[in-house]
Amino acid sequence: ETIGVSIPAATHGWAGALNFHAEQTVERLEEQYEDLDFVLTTTPDPGTQISDLEDMVATRNIDALVVLPFESEPLTGPIQRIAESGTWVTVVDRGLSQENIEDLYVAGDNESFGRTAGDYFVETLDEGSKVVVLRGIPTSIDNERVEAFQAALDGSGIEILAMEHGNWSRDDAFTVMQDFLSRYPEIDAVWAADDDMAVGAIGAIEQAGRQDEMWVVGGAGMKEMVQRVQDGDSMVPVDVTYPPAMIATAIELTAMGLMSDGVPMSGDFIIASELITQDNADQYYFEDSPY
Amino acid sequence: MKIDLHVLGPILALVALIGIGIALNSNFLSYGNITNVLARSAFIGIIAVGMTFVITAGGLDLSVGSMAAFIAGLMILCMNLLVPSMGQSLGVILIGIAVALAAGLVAGAINGLLVTRAGIEAFIVTLGTMGIYRSLVTWLADGGTLSLDYGMRELYRPVYYDGILGVSWPIIVFAIVAILGEIVMRHTAFGRHCAAIGSNETVARYSTVAVTRVKTLTYILLGCLVGVAVVMYVPRLGSASASTGLLWELEAIAAVIIGGTVLKGGFGRVWGTVVGVLILSLIGNILNLTDMVSPYLNGAIQGVIIILAVVLQRKGSTAT
Amino acid sequence: MKIDLHVLGPILALVALIGIGIALNSNFLSYGNITNVLARSAFIGIIAVGMTFVITAGGLDLSVGSMAAFIAGLMILCMNLLVPSMGQSLGVILIGIAVALAAGLVAGAINGLLVTRAGIEAFIVTLGTMGIYRSLVTWLADGGTLSLDYGMRELYRPVYYDGILGVSWPIIVFAIVAILGEIVMRHTAFGRHCAAIGSNETVARYSTVAVTRVKTLTYILLGCLVGVAVVMYVPRLGSASASTGLLWELEAIAAVIIGGTVLKGGFGRVWGTVVGVLILSLIGNILNLTDMVSPYLNGAIQGVIIILAVVLQRKGSTAT
Amino acid sequence: MTAPTLALHDVSKSFGPIEVLHGVDFDLRPGEVHALIGENGAGKSTMMKILGGYLSPTGGEVRLDGQRAAFSDSAEAEAAGVIMIHQEFNLADHLSVEQNVFLGREIRRGIFLDHKTMQAKSRDLMEALEARVPPRTRVSDISVPEKQMVEIAKALSRNVRVLIMDEPTAVLTGAEARVLFKQVRRLRDEGAAILFTSHKLDEVSEIADRVTVLRDGAVVAQGGIDEFTEDAMATAMVGRDVSDLFPAKRAGGDEIILEAAHVDVPGHVTGASLSLRKGEILGIGGLVGAGRTELMEGLVGLRPRTGTVTLKGTSLPGGDVACARRRGFVYLTEDRKGAGLLLDKSLTENLTLPVLHRYARPLIDRKAEAAALDKAITDFDIRVPSRDVKVGNLSGGNQQKLLLAKTMLCDPDVVVIDEPTRGIDIGTKQQIYTLIHRLAEEGRSIIVISSEMPELIGLCNRVYVMHGGHVAGELTGSEVTEDNVIRLATGLGSQREDAA
Ligand SMILES: Nc1ncnc2c1ncn2[C@@H]1O[C@H](COP(=O)(O)OP(=O)(O)OP(=O)(O)O)[C@@H](O)[C@H]1O
Ligand SMILES: Nc1ncnc2c1ncn2[C@@H]1O[C@H](COP(=O)(O)OP(=O)(O)OP(=O)(O)O)[C@@H](O)[C@H]1O
Ligand SMILES: [Mg+2]
Ligand SMILES: [Mg+2]
């Protein structure tokens with residue numbers, strides 16, 4: 001039996017972790033099951049991803065597909081065709097734009113990601129507080145997260161001073177945050193829609209010596225960030241989960257199903273984002289994870 | 001007869017890759033795989049044919065990838081706007097196609113005129129427009145993805161997936177563009193003037209070649225071909241976003257040069273470009289066909305093969 | 001005296017941007033903002049100085065961004081490996097720095113030798129090595145981020161954040177590199193030889209200029225400067241990943257050309273490059289300091305300004 | 001007298017603040033061959049470019065058939081039948097002979113090119129010029145004179161009413177020039193007007209019907225060819241008497257300073273051996289394409305070569321020009337534009353390029369460089385409108401002088417001068433010959449490659465003649481005659497292998 005796994009290339013920390021978990025799982029399962037084969041591809045854009053899927057079908061005769069679509073819309077058609085041809089399809093994280101194509105859906109929840117962070121802001125900050133937002137690469141995921149965050153803040157009296165794209169990159173976030181700090185004499189909190197960007201933002205805040213004025217909430221559960229939460233770092237009071245290990249879950253579920261009785265478990269597995277606080281941080285800290 | 005590696009080089013590289021492909025996977029030569037590889041080469045291929053003219057005439061265009069994304073976005077937007085009034089009809093598709101071609105023409109003309117009239121290096125002009133188009137498509141899509149109306153997509157789909165006699169449309173269009181390109185390059189005054197301008201612009205001007213017009217036309221031609229590529233691309237994905245067409249420019253330029261066209265201009269060959277495009281597609285295809293290397297290293301393998309393909313060629317041309 | 005816009009062009013553009021900055025935000029001229037802008041220009045700036053030599057001698061290097069990422073990854077890896085045996089000591093930092101510079105030298109030499117010895121277009125060679133280094137760093141980092149040992153980071157941090165007399169180290173290093181670069185370009189045989197080779201390689205060869213050596217040296221110089229940039233970059237955030245240094249190559253090349261260096265080679269000026277780097281940094285800075293345009297359109301504004309800056313300059317040089 | 005086809009009326013031309021043509025009146029009539037002569041930098045090329053529509057005058061007007069002609073560019077001039085061949089090559093190197101000949105005026109069938117017709121026509125044209133280059137050869141692969149023939153073929157393929165040729169024979173041998181003149185006479189007889197310049201005054205006497213002499217941008221003499229002897233032309237051009245062109249010949253010493261044995265330059269030269277004595281002026285003769293340039297480039301290290309080269313008693317490594325220069329052996333190229341000078345750079349940058357290390361310690365000493373330029377300008381009588389002019393804007397002759405100055409700045413003991421006086425006016429020629437002589441007297445050894453027979457005979461006491469990549473023979477003293485050189489050059493001479 002062959003399982004195809006197609007995920008985005010490691011262009012930022014979270015995607016890197018995704019790659020790491022995928023490779024680990026594939027290696028482990030290949031050892032575990034003799035007659036199980038995997039085809040793992042990583043892609044830099046939706047077009048390439050479609051090509052990869054075509055190759056898997058045309059030349060590797062896959063029996064099941066685990067795919068994290070680069071973008072929902074463009075991948076819907078191709079994945080639908082694969083599903084229609086009788087191949088088992090597990091979609092991870094990014095839902096397709098048509099319902100009921102995939103057999104199994106394992107996902108994080110971008111909306112909950114933004115809302116969880118937003119709720120924490122509303123809870124913690126006073127009315128009239130000022131926050132700035134570092135957004136990711138312009139994509140639908142980023143839009144969902146930011147919209148949910150804004151919705152959570154609605155009516156709370158917390159003012160969003162500005163939003164700029166930090167492109168899920170430490171360097172870009174560092175630069176944008178530096179400029180936010182020059183621009184606004186008063187900032188009470190920063191929401192970075194990803195832990196990589198949070199690292200950059202913290203770098204800029206420390207440089208400006210304004211650690212005492214504001215804190216930063218990132219997201220996705222990067223090891224170092226969870227550690228800081230655990231240590232009670234006042235700069236990083238909490239974090240929001242969006243576990244890259246969901247790919248491992250998806251691959252495992254697919255493989256186990258395929259190997260045991262030929263029919264994997266189907267349905268939806270939505271992994272909602274959770275707030276990591278000092279109290280529960282130890283549950284979210286994984287020593288060996290690269291992320 | 002002397003063996004001219006300058007001519008044979010790219011072909012040998014292609015044959016070698018095909019050999020490797022066959023050795024690694026028995027499905028490599030299957031109808032499905034060949035169709036896939038050829039069809040997906042079509043976008044870059046169509047663009048690279050246009051790029052061959054621009055480079056032969058001593059120019060360069062870094063904006064084609066972003067331009068493709070922008071035109072795709074514009075086309076989808078227009079079609080979606082028309083659906084309410086015109087319904088999901090062929091008319092909408094035709095208007096969409098017209099929009100794509102016209103947008104390509106205009107975008108190409110802008111690049112061309114900035115290069116020829118304002119006298120700015122092509123590298124800088126198109127680096128600028130590259131940023132501009134990329135931004136515009138992000139803005140059009142509001143940071144997300146522009147998707148074609150679902151019904152329209154079903155109607156338009158066959159343009160990518162169907163074909164005649166088992167040959168899919170993108171392959172047919174690519175073949176036509178390549179053949180026409182080869183003819184224009186070798187058998188018309190335009191092609192010859194491109195080479196003359198790339199070789200020595202002053203000489204071309206002194207020989208009463210309409211330098212400005214020909215140079216501008218190469219960019220317009222390229223723009224139109226980007227439009228054609230988009231017309232084939234949109235039915236494949238039915239969407240456009242900020243990541244559409246990323247790095248296509250580098251891939252197209254690499255294909256042109258692997259094919260034997262001289263980067264500084266003066267000599268170009270369209271068939272070489274086609275071979276170059278196929279080489280680049282095959283590398284990706286073959287890497288997908290095996291698990292030999294860590295997917296992280298795909299980029300490294302591609303880099304090595306690009307350099308090797310050109311070394312082979314250059315060594316040949318200096319030896320003979 | 002005649003006003004030479006070719007010289008004044010970039011400076012005028014810089015002054016105009018500063019004017020806009022002041023008008024839009026009162027903090028623009030604050031010590032903090034100026035320090036930020038200058039310090040963050042330093043990486044691209046240091047690299048762009050090296051790029052000026054490569055371009056002046058008729059070459060090009062697209063690999064610098066990936067090279068920077070790769071060297072940063074290598075440096076972090078080495079330092080982390082040494083910590084267990086050497087402790088968190090200055091020694092580790094010095095070895096790390098040595099590794100970065102040596103890796104830069106080797107990487108530059110590889111590019112240079114492939115261009116000069118194998119006789120392949122610089123565009124293709126460095127497009128290839130760009131893919132290779134980018135892949136290698138992803139592989140080194142196992143797809144994720146390579147982070148410097150926490151204690152080491154604290155020790156190394158001052159190299160980015162501290163300075164003397166309120167001027168931070170990156171600014172100082174950038175200034176030194178720029179001044180030395182300007183001197184080498186204008187007042188030494190090496191600089192003259194670069195211009196001669198870029199102007200006409202055959203003439204340079206017939207004039208007994210060691211063409212191969214000089215060209216190779218420009219790439220080596222650039223590689224070493226990439227190493228220097230990395231040495232300043234790593235202490236900033238203490239990490240490297242596949243996205244480190246993305247598009248630095250295009251930014252560096254754009255800076256060089258905005259500064260007045262001729263892309264086809266033969267004429268280069270380092271001070272112009274410095275102005276070009278500052279222009280590019282300021283655009284980003286000003287866009288971050290205001291809300292005037294949708295952040296989606298930042299790229300478009302940058303594109304327009306890049307083109308305008310060069311139009312201004314070229315118009316000037318043709319008019320006089 | 002027929003009415004002039006093309007005329008200049010009170011034309012002046014300035015480049016920036018410098019006026020190089022001052023109120024020139026000139027006319028060109030149908031059915032005449034008109035020679036324009038003058039010193040290097042007199043303004044001949046400038047005047048021709050104005051006539052050809054490549055430059056517009058700053059004052060006065062150009063008249064075509066008596067009407068004011070305001071050619072806005074060369075395309076309009078060409079449409080009116082005014083064709084110009086430039087002093088420097090105007091060929092696209094990447095294109096083939098046929099493509100160059102028809103560039104801008106391709107013959108088509110429908111929208112497609114008619115390759116067959118164009119190839120046949122260009123073959124005919126080239127054959128009429130007795131140059132047997134296949135039409136599909138790339139121009140970068142043909143020799144300098146062949147390129148000139150392509151230029152001429154290109155002009156002849158047009159519809160010619162007025163043909164302007166700027167030093168067409170500078171790169172041609174006597175025989176080739178005569179082929180060209182045959183075509184020129186044919187055109188003249190068909191009623192075309194032909195204007196040409198040449199520094200070879202014997203050619204002017206041979207072909208011209210009328211002569212105009214230009215000095216410092218003004219017409220100083222004009223008249224029918226019968227009013228001018230060669231000496232009179234020279235005197236009118238230069239403003240002094242130049243009858244003693246060559247100084248007395250001198251033989252070298254006994255010491256052999258350079259010796260080449262069994263040298264092969266792959267693809268060009270096989271088994272060449274020669275020796276050069278201290279203080280000698282040695283000539284290398286032969287037809288164009290005989291491999292003289294390639295042999296010398298091989299010796300000095302610009303091309304790969306095999307065999308042994310001994311310089312001042314020790315062997316010289318191949319492929320290392322810098323080493324050869326350090327040991328006092330330099331080569332002055334025949335290809336001024338392509339290999340000699342950086343056209344977009346200043347005089348100084350060109351002058352000191354080979355020996356920059358001498359001025360850089362480690363920073364370049366600009367004062368010393370300026371002094372070197374001053375000296376070069378006086379020593380070599382370089383006429384420049386201003387110090388910071390780009391070399392590409394110098395007249396051809398002055399470029400050649402600058403190239404000589406640049407080479408001599410290396411202070412060589414052995415210098416190869418390839419075509420030393422190509423494009424040089426007669427006054428300067430005399431200066432250059434004197435200079436070469438002086439160099440020899442100082443104890444330097446000189447090799448002169450020349451396609452001009454009088455030059456070889458007038459300068460050299462010993463001449464090697466090459467033919468088809470071999471050294472065909474050696475001539476000494478009274479053996480150096482035109483007959484002997486031609487006999488060896490055409491492969492008729494006895495194979496005197498022992499000569500070397
Ligand atoms: N574009 C230019 N800019 C500045 N000066 C120029 C330019 N073109 C020519 N000159 C100057 O004009 C003068 C006349 O040059 P021209 O080329 O007409 O001389 P010429 O008579 O053809 O000499 P030669 O016999 O050496 O070819 C020279 O002093 C030259 O330096
Ligand atoms: N790039 C080239 N490729 C192939 N053949 C060439 C090339 N350049 C020159 N040749 C050929 O090499 C031969 C020698 O060249 P060249 O004409 O320079 O000889 P030469 O004896 O130095 O004559 P002259 O000095 O009078 O020009 C000729 O047959 C020429 O056609
Ligand atoms: Mg002249
Ligand atoms: Mg020669």
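Which two strands of chain D form a hairpin, and which residue in the turn has a positive phi? In this predicted model, local features need pLDDT of at least 70 and side-chain atom pairs count only at pLDDT 80 or more, whereas totals for chains, interfaces and linings use all residues. Residues are numbered from 1 along each chain as its sequence is written, chains are lettered from A and ligands numbered from 1 in the order in which they are written, and side-chain values use heavy atoms, with hydrogens and water left out.

The hairpin is formed by strand 11 and strand 12 of chain D, with two residues between them, and D:D216 in the turn has a positive phi of about 45°. Helices (H or I, at least four residues) and strands (E, at least two) are DSSP runs numbered from the N terminus, and two strands pair if DSSP finds at least two bridges between them. Strand 11 of chain D pairs with strand 12 (residues 218–224) in the antiparallel sense over six bridges, and D:R210 stands opposite D:G224 in strand 12 of chain D. Strand 11 of chain D also pairs with strand 3 (residues 33–38) of chain D, here in the parallel sense over five bridges, with D:I37 opposite D:V213. Of the six residues of strand 11 (residues 210–215) of chain D, five are buried, where buried means under 20% relative accessible area (1.4 Å probe, protein chains only).

Chain D also surrounds ligand 1, with D:G41, D:K44, D:S45, D:T46 and D:G397 the closest of 19 residues, a residue being near if one of its heavy atoms lies within 4 Å. Helix 1 (44–51) and helix 15 (396–408) of chain D each supply at least two residues of this shell, and helix 1 of chain D gives the most, with three residues. An oxygen atom of ligand 1 is 2.7 Å from a polar backbone atom of D:G397, while an oxygen atom of the ligand is 2.9 Å from an N or O atom in the side chain of D:N40. The protein covers 86% of the 650 Å² of accessible area that ligand 1 has on its own, as computed by the Shrake-Rupley method with a 1.4 Å probe.

Turning to the copies, chain C can be laid on chain B with an RMSD of 0.1 Å by a turn of 180° and a shift of 0.0 Å along the axis, the superposition being by least squares on the C-alpha atoms of residues with pLDDT of at least 70 in both. The two copies are therefore related as by a two-fold rotation axis, and in chain C the C-alpha nearest that axis is that of C:K264, 4.4 Å from it.

Technical notes. Buried < 20%, exposed > 50% of the residue type's maximum accessible area, 1.4 Å probe, protein only. Polar contact = N/O pair within 3.5 Å; in protein donor to acceptor, adjacent residues only side chain to side chain.
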